[in-house]
Amino acid sequence: MPDIPPANAPSLDAYWMPFTANRQFKAAPRLLSAAQGMYYTSVDGREVLDGTAGLWCVNAGHGRRQISEAVARQLDTMDYAPSFQMGHPIAFDFAERLAAIAPGGPAAGLDRVFFAGSGSEAVDTALKIAVAYQRATGQGTRTRLIGRERGYHGVGFGGISVGGLVNNRRVFPQLPGTDHLRHTHDPARNAFSRGLPEHGAELADDLERLVALHGAETIAAVIVEPVAGSTGVLLPPVNYLERLREICTRHGILLIFDEVITGFGRLGAPFAVDYFGVVPDLVTTAKGLTNGCIPMGAVFASRAVHDALMHGPEAQIELFHGYTYSGHPVACAAGLAALDIYAGEGLLTRAGDIAPDWSEAMHSLRGLPHVIDIRTIGLVAGIELASRDGAAGERAYDLFVDCFERGLLIRVTGDIVALSPPLIAETGHIDRIVSTLGEALKRLA
Ligand code: PMP
(Lines give C-alpha, C1' and ligand atoms only; values in the text may rest on other atoms or scores of the structure.)
Protein backbone atom coordinates (compact mmCIF):
# COMPACT_ATOMS: atom_id res chain seq x y z
CA MET A 1 0.00 0.00 0.00
CA PRO A 2 1.33 3.46 -0.80
CA ASP A 3 1.71 5.77 2.12
CA ILE A 4 -1.42 7.95 1.89
CA PRO A 5 -1.16 11.03 4.07
CA PRO A 6 -4.20 11.64 6.30
CA ALA A 7 -6.87 13.86 4.76
CA ASN A 8 -6.25 16.69 7.17
CA ALA A 9 -2.51 16.88 6.60
CA PRO A 10 -1.90 16.72 2.87
CA SER A 11 1.47 17.41 1.36
CA LEU A 12 1.23 20.78 -0.37
CA ASP A 13 4.14 20.41 -2.77
CA ALA A 14 2.83 18.86 -5.97
CA TYR A 15 -0.37 20.81 -6.55
CA TRP A 16 0.32 23.99 -8.51
CA MET A 17 -2.71 25.99 -7.50
CA PRO A 18 -4.55 28.14 -10.02
CA PHE A 19 -5.08 31.87 -9.49
CA THR A 20 -3.29 31.70 -6.15
CA ALA A 21 -0.06 33.09 -4.75
CA ASN A 22 1.24 29.57 -4.17
CA ARG A 23 4.16 30.36 -1.88
CA GLN A 24 2.10 32.64 0.34
CA PHE A 25 -0.79 30.17 0.46
CA LYS A 26 1.34 27.16 1.28
CA ALA A 27 2.93 29.02 4.19
CA ALA A 28 -0.53 29.44 5.74
CA PRO A 29 -3.00 27.21 3.89
CA ARG A 30 -6.76 27.50 4.12
CA LEU A 31 -8.21 24.08 3.38
CA LEU A 32 -11.85 23.10 3.06
CA SER A 33 -12.78 19.45 3.33
CA ALA A 34 -16.57 19.21 3.43
CA ALA A 35 -19.64 21.20 2.43
CA GLN A 36 -23.34 21.03 3.21
CA GLY A 37 -26.09 23.53 2.55
CA MET A 38 -24.76 27.04 3.23
CA TYR A 39 -21.56 25.88 4.96
CA TYR A 40 -18.12 24.55 4.32
CA THR A 41 -16.12 22.70 6.94
CA SER A 42 -12.42 23.48 7.16
CA VAL A 43 -9.87 20.72 7.76
CA ASP A 44 -9.53 21.88 11.36
CA GLY A 45 -13.26 21.27 11.80
CA ARG A 46 -14.52 24.84 11.69
CA GLU A 47 -17.81 25.82 10.07
CA VAL A 48 -17.38 28.45 7.34
CA LEU A 49 -20.43 30.23 5.94
CA ASP A 50 -20.27 30.24 2.15
CA GLY A 51 -20.71 33.88 1.15
CA THR A 52 -19.74 33.18 -2.46
CA ALA A 53 -21.59 29.99 -3.52
CA GLY A 54 -18.14 28.49 -4.04
CA LEU A 55 -17.13 30.64 -6.97
CA TRP A 56 -20.57 31.91 -7.97
CA CYS A 57 -21.63 28.39 -8.86
CA VAL A 58 -23.25 26.41 -6.05
CA ASN A 59 -26.58 28.17 -6.51
CA ALA A 60 -28.72 25.53 -4.78
CA GLY A 61 -26.31 25.10 -1.89
CA HIS A 62 -23.90 22.28 -1.19
CA GLY A 63 -24.30 18.55 -0.96
CA ARG A 64 -27.59 18.22 -2.82
CA ARG A 65 -28.50 14.54 -2.61
CA GLN A 66 -30.70 14.69 -5.71
CA ILE A 67 -27.67 15.68 -7.76
CA SER A 68 -25.25 13.19 -6.25
CA GLU A 69 -27.73 10.36 -6.78
CA ALA A 70 -28.32 11.36 -10.39
CA VAL A 71 -24.56 11.54 -10.96
CA ALA A 72 -24.01 8.12 -9.36
CA ARG A 73 -26.81 6.59 -11.43
CA GLN A 74 -25.37 8.04 -14.63
CA LEU A 75 -21.87 6.85 -13.78
CA ASP A 76 -23.21 3.35 -13.25
CA THR A 77 -25.27 3.43 -16.45
CA MET A 78 -22.84 5.05 -18.86
CA ASP A 79 -19.82 6.96 -17.64
CA TYR A 80 -18.79 8.45 -20.96
CA ALA A 81 -19.65 8.38 -24.63
CA PRO A 82 -17.85 9.97 -27.58
CA SER A 83 -18.96 13.52 -28.21
CA PHE A 84 -18.91 13.46 -32.00
CA GLN A 85 -20.37 11.23 -34.67
CA MET A 86 -22.15 9.60 -31.70
CA GLY A 87 -24.82 10.96 -29.39
CA HIS A 88 -26.47 9.96 -26.15
CA PRO A 89 -30.03 10.73 -25.08
CA ILE A 90 -29.17 12.55 -21.88
CA ALA A 91 -27.31 15.34 -23.74
CA PHE A 92 -30.31 15.85 -26.02
CA ASP A 93 -32.62 15.80 -22.98
CA PHE A 94 -30.53 18.36 -21.14
CA ALA A 95 -30.37 20.65 -24.19
CA GLU A 96 -34.16 20.43 -24.55
CA ARG A 97 -34.67 21.25 -20.87
CA LEU A 98 -32.31 24.20 -21.17
CA ALA A 99 -34.05 25.36 -24.35
CA ALA A 100 -37.33 25.35 -22.43
CA ILE A 101 -35.94 27.91 -19.97
CA ALA A 102 -33.65 29.63 -22.49
CA PRO A 103 -32.68 33.26 -21.81
CA GLY A 104 -35.44 35.64 -22.86
CA GLY A 105 -38.12 32.96 -23.19
CA PRO A 106 -39.54 31.59 -26.46
CA ALA A 107 -39.73 35.01 -28.12
CA ALA A 108 -35.97 35.48 -27.88
CA GLY A 109 -35.32 32.24 -29.75
CA LEU A 110 -32.03 31.56 -27.93
CA ASP A 111 -32.84 27.89 -27.84
CA ARG A 112 -30.01 26.10 -29.58
CA VAL A 113 -27.47 24.76 -27.10
CA PHE A 114 -23.77 23.94 -27.63
CA PHE A 115 -22.02 22.22 -24.71
CA ALA A 116 -18.50 22.90 -23.48
CA GLY A 117 -16.51 21.95 -20.41
CA SER A 118 -16.22 25.28 -18.57
CA GLY A 119 -16.95 28.97 -18.77
CA SER A 120 -13.71 29.65 -20.64
CA GLU A 121 -14.59 27.02 -23.22
CA ALA A 122 -18.10 28.41 -23.54
CA VAL A 123 -16.62 31.84 -24.26
CA ASP A 124 -14.21 30.55 -26.90
CA THR A 125 -17.09 28.59 -28.42
CA ALA A 126 -19.33 31.66 -28.62
CA LEU A 127 -16.57 33.78 -30.18
CA LYS A 128 -15.93 31.11 -32.79
CA ILE A 129 -19.64 30.68 -33.52
CA ALA A 130 -19.88 34.45 -34.06
CA VAL A 131 -17.03 34.50 -36.57
CA ALA A 132 -18.31 31.36 -38.30
CA TYR A 133 -21.78 32.89 -38.55
CA GLN A 134 -20.47 36.02 -40.22
CA ARG A 135 -18.57 33.95 -42.74
CA ALA A 136 -21.53 31.67 -43.38
CA THR A 137 -23.68 34.68 -44.20
CA GLY A 138 -21.19 36.06 -46.71
CA GLN A 139 -19.50 38.50 -44.35
CA GLY A 140 -16.12 36.88 -44.05
CA THR A 141 -14.37 40.20 -43.41
CA ARG A 142 -16.09 40.37 -40.04
CA THR A 143 -13.55 38.70 -37.79
CA ARG A 144 -12.84 41.39 -35.20
CA LEU A 145 -13.99 40.70 -31.64
CA ILE A 146 -14.77 43.51 -29.22
CA GLY A 147 -14.72 43.08 -25.45
CA ARG A 148 -14.67 45.62 -22.66
CA GLU A 149 -12.15 46.97 -20.21
CA ARG A 150 -12.49 45.19 -16.87
CA GLY A 151 -14.31 42.36 -18.57
CA TYR A 152 -13.57 38.80 -17.53
CA HIS A 153 -14.24 35.99 -19.95
CA GLY A 154 -12.07 33.17 -18.66
CA VAL A 155 -8.54 32.31 -19.53
CA GLY A 156 -8.52 30.83 -23.03
CA PHE A 157 -6.63 32.93 -25.58
CA GLY A 158 -10.01 34.11 -26.90
CA GLY A 159 -11.22 34.98 -23.43
CA ILE A 160 -8.12 36.92 -22.38
CA SER A 161 -8.07 38.75 -25.71
CA VAL A 162 -11.59 40.13 -25.32
CA GLY A 163 -11.19 40.36 -21.56
CA GLY A 164 -9.93 43.53 -20.04
CA LEU A 165 -7.80 42.51 -17.08
CA VAL A 166 -4.20 43.49 -17.32
CA ASN A 167 -2.97 40.65 -15.11
CA ASN A 168 -4.56 38.12 -17.45
CA ARG A 169 -3.06 39.77 -20.49
CA ARG A 170 0.37 41.20 -19.83
CA VAL A 171 2.37 38.00 -20.09
CA PHE A 172 0.49 36.43 -22.99
CA PRO A 173 -0.02 37.27 -26.65
CA GLN A 174 -3.57 38.07 -27.69
CA LEU A 175 -5.69 37.24 -30.69
CA PRO A 176 -5.09 39.79 -33.42
CA GLY A 177 -8.05 42.00 -34.26
CA THR A 178 -9.56 42.53 -30.84
CA ASP A 179 -10.47 45.80 -29.21
CA HIS A 180 -12.27 47.01 -26.11
CA LEU A 181 -15.11 49.26 -25.08
CA ARG A 182 -14.54 51.47 -22.12
CA HIS A 183 -15.71 50.00 -18.80
CA THR A 184 -18.72 51.41 -17.02
CA HIS A 185 -17.33 51.69 -13.50
CA ASP A 186 -17.68 55.28 -12.37
CA PRO A 187 -17.79 55.62 -8.58
CA ALA A 188 -17.30 59.37 -8.84
CA ARG A 189 -20.79 59.65 -10.35
CA ASN A 190 -22.50 56.49 -9.12
CA ALA A 191 -21.19 55.59 -5.64
CA PHE A 192 -23.73 53.92 -3.32
CA SER A 193 -26.35 53.73 -6.05
CA ARG A 194 -29.46 51.83 -5.12
CA GLY A 195 -30.34 49.68 -8.11
CA LEU A 196 -28.62 50.27 -11.43
CA PRO A 197 -26.26 53.25 -11.67
CA GLU A 198 -28.01 56.26 -13.06
CA HIS A 199 -25.07 57.61 -15.05
CA GLY A 200 -23.21 56.07 -17.93
CA ALA A 201 -25.62 54.83 -20.62
CA GLU A 202 -23.66 56.96 -23.09
CA LEU A 203 -20.64 54.68 -22.56
CA ALA A 204 -22.38 52.24 -24.90
CA ASP A 205 -21.74 54.76 -27.67
CA ASP A 206 -18.07 53.86 -27.34
CA LEU A 207 -18.97 51.11 -29.77
CA GLU A 208 -19.64 53.79 -32.38
CA ARG A 209 -16.07 54.97 -31.85
CA LEU A 210 -14.76 51.47 -32.55
CA VAL A 211 -17.02 51.13 -35.59
CA ALA A 212 -15.67 54.42 -36.93
CA LEU A 213 -12.11 53.34 -36.17
CA HIS A 214 -12.20 49.83 -37.62
CA GLY A 215 -15.23 49.76 -39.95
CA ALA A 216 -18.36 47.80 -39.10
CA GLU A 217 -17.55 45.37 -41.90
CA THR A 218 -14.56 44.10 -39.86
CA ILE A 219 -16.44 43.47 -36.61
CA ALA A 220 -17.98 40.07 -35.89
CA ALA A 221 -19.19 40.44 -32.32
CA VAL A 222 -19.19 42.33 -29.06
CA ILE A 223 -19.01 40.38 -25.80
CA VAL A 224 -19.89 41.80 -22.38
CA GLU A 225 -20.93 40.48 -19.01
CA PRO A 226 -24.35 42.03 -18.30
CA VAL A 227 -23.06 42.37 -14.73
CA ALA A 228 -19.29 42.04 -14.47
CA GLY A 229 -18.66 39.80 -11.48
CA SER A 230 -15.04 38.72 -11.18
CA THR A 231 -13.77 42.24 -11.66
CA GLY A 232 -15.74 43.62 -8.76
CA VAL A 233 -19.51 43.60 -9.36
CA LEU A 234 -19.81 46.33 -11.97
CA LEU A 235 -23.44 47.02 -12.83
CA PRO A 236 -24.62 48.28 -16.19
CA PRO A 237 -25.91 51.86 -16.05
CA VAL A 238 -29.62 52.31 -16.76
CA ASN A 239 -30.18 51.86 -20.52
CA TYR A 240 -26.60 50.89 -21.26
CA LEU A 241 -27.35 47.36 -22.44
CA GLU A 242 -30.34 48.53 -24.48
CA ARG A 243 -28.14 51.04 -26.25
CA LEU A 244 -25.41 48.49 -26.90
CA ARG A 245 -28.00 46.14 -28.42
CA GLU A 246 -29.31 48.89 -30.66
CA ILE A 247 -25.87 49.84 -31.95
CA CYS A 248 -24.92 46.20 -32.59
CA THR A 249 -28.12 45.60 -34.54
CA ARG A 250 -27.66 48.75 -36.60
CA HIS A 251 -24.16 47.68 -37.65
CA GLY A 252 -24.77 43.95 -38.14
CA ILE A 253 -22.59 43.06 -35.14
CA LEU A 254 -23.54 40.05 -33.01
CA LEU A 255 -23.99 40.68 -29.30
CA ILE A 256 -22.79 38.04 -26.83
CA PHE A 257 -23.75 38.14 -23.15
CA ASP A 258 -21.37 36.25 -20.92
CA GLU A 259 -23.74 34.91 -18.28
CA VAL A 260 -21.33 32.50 -16.63
CA ILE A 261 -22.03 34.28 -13.35
CA THR A 262 -25.46 35.80 -13.90
CA GLY A 263 -27.07 32.66 -15.36
CA PHE A 264 -29.34 30.41 -13.31
CA GLY A 265 -30.99 32.82 -10.97
CA ARG A 266 -28.22 35.00 -9.58
CA LEU A 267 -30.04 38.27 -10.33
CA GLY A 268 -33.52 37.07 -9.41
CA ALA A 269 -34.49 36.05 -12.93
CA PRO A 270 -33.35 32.89 -14.70
CA PHE A 271 -30.85 34.88 -16.78
CA ALA A 272 -29.70 38.48 -17.02
CA VAL A 273 -31.41 38.53 -20.42
CA ASP A 274 -34.71 38.07 -18.58
CA TYR A 275 -33.76 40.55 -15.85
CA PHE A 276 -32.81 43.35 -18.23
CA GLY A 277 -35.14 42.47 -21.12
CA VAL A 278 -32.28 42.86 -23.59
CA VAL A 279 -31.78 39.98 -26.02
CA PRO A 280 -28.32 39.18 -27.38
CA ASP A 281 -27.51 36.69 -30.15
CA LEU A 282 -25.44 34.31 -28.03
CA VAL A 283 -25.29 33.64 -24.30
CA THR A 284 -22.49 31.82 -22.48
CA THR A 285 -23.14 29.93 -19.25
CA ALA A 286 -21.36 27.53 -16.88
CA LYS A 287 -21.14 27.39 -13.06
CA GLY A 288 -24.81 27.16 -11.98
CA LEU A 289 -25.48 24.99 -15.03
CA THR A 290 -24.59 21.96 -12.86
CA ASN A 291 -24.76 23.68 -9.49
CA GLY A 292 -20.98 23.78 -9.74
CA CYS A 293 -20.49 20.11 -8.95
CA ILE A 294 -19.35 18.86 -12.37
CA PRO A 295 -17.46 21.14 -14.76
CA MET A 296 -19.60 22.18 -17.70
CA GLY A 297 -20.29 25.18 -19.91
CA ALA A 298 -22.93 25.87 -22.52
CA VAL A 299 -23.68 28.42 -25.22
CA PHE A 300 -27.25 29.38 -26.04
CA ALA A 301 -27.41 30.46 -29.68
CA SER A 302 -30.26 32.19 -31.45
CA ARG A 303 -32.03 30.18 -34.08
CA ALA A 304 -30.93 32.72 -36.69
CA VAL A 305 -27.28 32.11 -35.84
CA HIS A 306 -27.71 28.36 -35.56
CA ASP A 307 -29.73 28.01 -38.75
CA ALA A 308 -27.30 30.12 -40.78
CA LEU A 309 -24.61 27.58 -39.95
CA MET A 310 -26.79 24.62 -40.88
CA HIS A 311 -26.86 25.45 -44.58
CA GLY A 312 -24.41 23.94 -47.03
CA PRO A 313 -23.86 20.38 -48.29
CA GLU A 314 -25.52 17.65 -46.17
CA ALA A 315 -22.39 15.81 -45.10
CA GLN A 316 -20.42 18.92 -44.24
CA ILE A 317 -19.59 19.58 -40.60
CA GLU A 318 -21.34 22.87 -39.86
CA LEU A 319 -19.07 24.10 -37.08
CA PHE A 320 -15.70 22.45 -36.80
CA HIS A 321 -15.49 22.83 -33.06
CA GLY A 322 -16.17 20.84 -29.90
CA TYR A 323 -14.60 19.10 -26.94
CA THR A 324 -14.08 15.54 -25.75
CA TYR A 325 -16.32 16.46 -22.84
CA SER A 326 -19.01 18.40 -24.77
CA GLY A 327 -22.32 17.09 -23.45
CA HIS A 328 -20.58 14.80 -20.96
CA PRO A 329 -23.28 12.40 -19.76
CA VAL A 330 -22.38 12.77 -16.08
CA ALA A 331 -22.37 16.56 -16.30
CA CYS A 332 -25.74 16.41 -18.08
CA ALA A 333 -27.12 14.23 -15.28
CA ALA A 334 -25.91 16.75 -12.72
CA GLY A 335 -27.38 19.59 -14.77
CA LEU A 336 -30.79 17.94 -15.15
CA ALA A 337 -30.94 17.31 -11.41
CA ALA A 338 -29.87 20.91 -10.73
CA LEU A 339 -32.64 22.20 -13.02
CA ASP A 340 -35.16 20.04 -11.11
CA ILE A 341 -34.03 21.57 -7.83
CA TYR A 342 -34.05 25.11 -9.23
CA ALA A 343 -37.61 24.61 -10.53
CA GLY A 344 -38.86 22.72 -7.46
CA GLU A 345 -37.56 25.34 -5.02
CA GLY A 346 -38.21 28.42 -7.14
CA LEU A 347 -34.51 29.27 -7.03
CA LEU A 348 -34.33 30.92 -10.45
CA THR A 349 -36.39 33.82 -9.12
CA ARG A 350 -35.77 33.61 -5.37
CA ALA A 351 -32.94 36.15 -5.39
CA GLY A 352 -35.51 38.69 -6.54
CA ASP A 353 -37.61 38.07 -3.42
CA ILE A 354 -34.72 38.56 -1.03
CA ALA A 355 -32.94 41.27 -3.01
CA PRO A 356 -34.54 44.18 -1.10
CA ASP A 357 -33.47 42.76 2.30
CA TRP A 358 -30.07 41.81 0.92
CA SER A 359 -29.53 45.27 -0.49
CA GLU A 360 -30.64 46.91 2.76
CA ALA A 361 -28.32 44.67 4.78
CA MET A 362 -25.33 45.37 2.53
CA HIS A 363 -25.91 49.10 2.45
CA SER A 364 -25.94 49.08 6.28
CA LEU A 365 -22.15 48.67 5.99
CA ARG A 366 -21.93 52.18 4.56
CA GLY A 367 -19.94 54.43 6.85
CA LEU A 368 -17.63 51.66 8.10
CA PRO A 369 -13.91 52.27 7.74
CA HIS A 370 -12.52 52.30 4.19
CA VAL A 371 -15.87 51.53 2.49
CA ILE A 372 -16.08 53.82 -0.55
CA ASP A 373 -18.89 52.14 -2.50
CA ILE A 374 -21.52 49.44 -2.13
CA ARG A 375 -23.30 47.92 -5.14
CA THR A 376 -26.02 45.31 -5.07
CA ILE A 377 -28.20 43.50 -7.57
CA GLY A 378 -30.14 40.26 -7.07
CA LEU A 379 -28.15 38.20 -4.58
CA VAL A 380 -24.84 39.84 -5.43
CA ALA A 381 -22.94 42.60 -3.68
CA GLY A 382 -19.74 44.46 -4.33
CA ILE A 383 -18.18 46.39 -1.48
CA GLU A 384 -15.35 48.60 -2.60
CA LEU A 385 -12.62 49.60 -0.17
CA ALA A 386 -10.16 52.43 -0.45
CA SER A 387 -6.77 50.97 -1.37
CA ARG A 388 -3.80 51.30 0.93
CA ASP A 389 -1.26 53.69 -0.49
CA GLY A 390 0.83 51.88 -3.04
CA ALA A 391 -0.60 48.48 -2.10
CA ALA A 392 -3.70 47.85 -4.18
CA GLY A 393 -5.57 44.74 -3.08
CA GLU A 394 -3.80 44.32 0.27
CA ARG A 395 -6.57 45.75 2.40
CA ALA A 396 -9.24 43.52 0.88
CA TYR A 397 -6.95 40.52 1.12
CA ASP A 398 -6.46 41.14 4.84
CA LEU A 399 -10.23 41.35 5.19
CA PHE A 400 -10.63 38.05 3.35
CA VAL A 401 -8.17 36.30 5.67
CA ASP A 402 -9.79 37.77 8.75
CA CYS A 403 -13.31 36.82 7.58
CA PHE A 404 -12.15 33.27 6.99
CA GLU A 405 -10.81 33.13 10.55
CA ARG A 406 -14.21 34.37 11.68
CA GLY A 407 -16.01 31.64 9.73
CA LEU A 408 -17.09 33.49 6.59
CA LEU A 409 -15.91 32.86 3.05
CA ILE A 410 -15.85 36.02 0.92
CA ARG A 411 -14.17 36.70 -2.39
CA VAL A 412 -11.96 39.68 -3.04
CA THR A 413 -10.73 41.09 -6.30
CA GLY A 414 -8.41 44.05 -6.06
CA ASP A 415 -9.88 46.04 -3.17
CA ILE A 416 -13.44 44.98 -3.89
CA VAL A 417 -15.30 42.38 -1.85
CA ALA A 418 -17.68 40.34 -4.00
CA LEU A 419 -20.47 38.44 -2.29
CA SER A 420 -22.79 35.94 -3.95
CA PRO A 421 -24.13 33.40 -1.44
CA PRO A 422 -26.09 30.34 -2.53
CA LEU A 423 -29.63 31.24 -3.60
CA ILE A 424 -31.02 29.27 -0.62
CA ALA A 425 -29.67 31.88 1.81
CA GLU A 426 -32.03 32.80 4.65
CA THR A 427 -32.22 35.98 6.72
CA GLY A 428 -30.01 34.47 9.42
CA HIS A 429 -27.22 33.83 6.93
CA ILE A 430 -27.45 37.34 5.56
CA ASP A 431 -27.33 38.77 9.09
CA ARG A 432 -24.24 36.71 9.82
CA ILE A 433 -22.53 37.86 6.64
CA VAL A 434 -23.18 41.49 7.54
CA SER A 435 -22.16 41.20 11.18
CA THR A 436 -18.97 39.28 10.38
CA LEU A 437 -18.02 41.74 7.67
CA GLY A 438 -18.81 44.67 9.95
CA GLU A 439 -16.57 43.31 12.72
CA ALA A 440 -13.78 42.54 10.29
CA LEU A 441 -13.98 45.99 8.71
CA LYS A 442 -13.82 47.66 12.12
CA ARG A 443 -10.82 45.55 13.06
CA LEU A 444 -9.14 46.48 9.80
CA ALA A 445 -9.32 50.12 10.86
N1 PMP B 1 -16.87 34.29 -17.91
C2 PMP B 1 -17.21 34.85 -16.75
C3 PMP B 1 -18.13 36.03 -16.76
C4 PMP B 1 -16.74 34.34 -15.55
O5 PMP B 1 -17.08 34.92 -14.41
C6 PMP B 1 -15.89 33.21 -15.58
C7 PMP B 1 -15.36 32.58 -14.31
N8 PMP B 1 -15.38 33.32 -13.17
C9 PMP B 1 -15.56 32.67 -16.83
C10 PMP B 1 -16.06 33.22 -17.96
C11 PMP B 1 -14.63 31.50 -16.92
O12 PMP B 1 -15.21 30.35 -16.44
P13 PMP B 1 -14.28 29.10 -16.07
O14 PMP B 1 -13.47 29.49 -14.89
O15 PMP B 1 -15.30 28.00 -15.78
O16 PMP B 1 -13.47 28.78 -17.26
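Modeller: A298 touches L98, V113, F114, F115, A116, A122, T285 and L289, leaving out residues up to four places away in sequence. Touching, or contact, is scored when the C-beta atoms of two residues, placed from the backbone, lie within 7 Å. This is a predicted model: local features need pLDDT of at least 70, side-chain atom pairs count only at pLDDT 80 or more, and totals for chains, interfaces and linings use all residues. Numbering starts from 1 along each chain as its sequence is written.

A298 belongs to the largest nonpolar core, which has 125 residues. A130, V222, L282, A298 and V299 touch the most other members. Such a core is a set of buried Ala, Val, Leu, Ile, Met, Phe, Trp, Tyr and Cys residues joined through C-beta atoms within 7 Å. Buried means 20 or more other C-beta atoms within 10 Å of the residue's own, with C-beta atoms placed from the backbone. Helix α14 (residues 329-344) gives the most to this core, nine residues. Helices are DSSP runs of H or I, at least four residues, and strands are runs of E, at least two, numbered from the N terminus.

The core draws at least three residues from each of domain 1 (22-60 + 346-444) and domain 2 (70-344). Those bounds come from an automatic or database domain assignment. The C-alpha centres of the two domains lie 26 Å apart. Across the boundary, 32 residues of domain 1 are in contact with 27 residues of domain 2. On the domain 1 side, α15 gives the most, with eight residues.

Definitions and conventions. A residue is buried if 20 or more other C-beta atoms lie within 10 Å of its own, exposed if 12 or fewer, and partly exposed in between; C-beta atoms are placed from the backbone.
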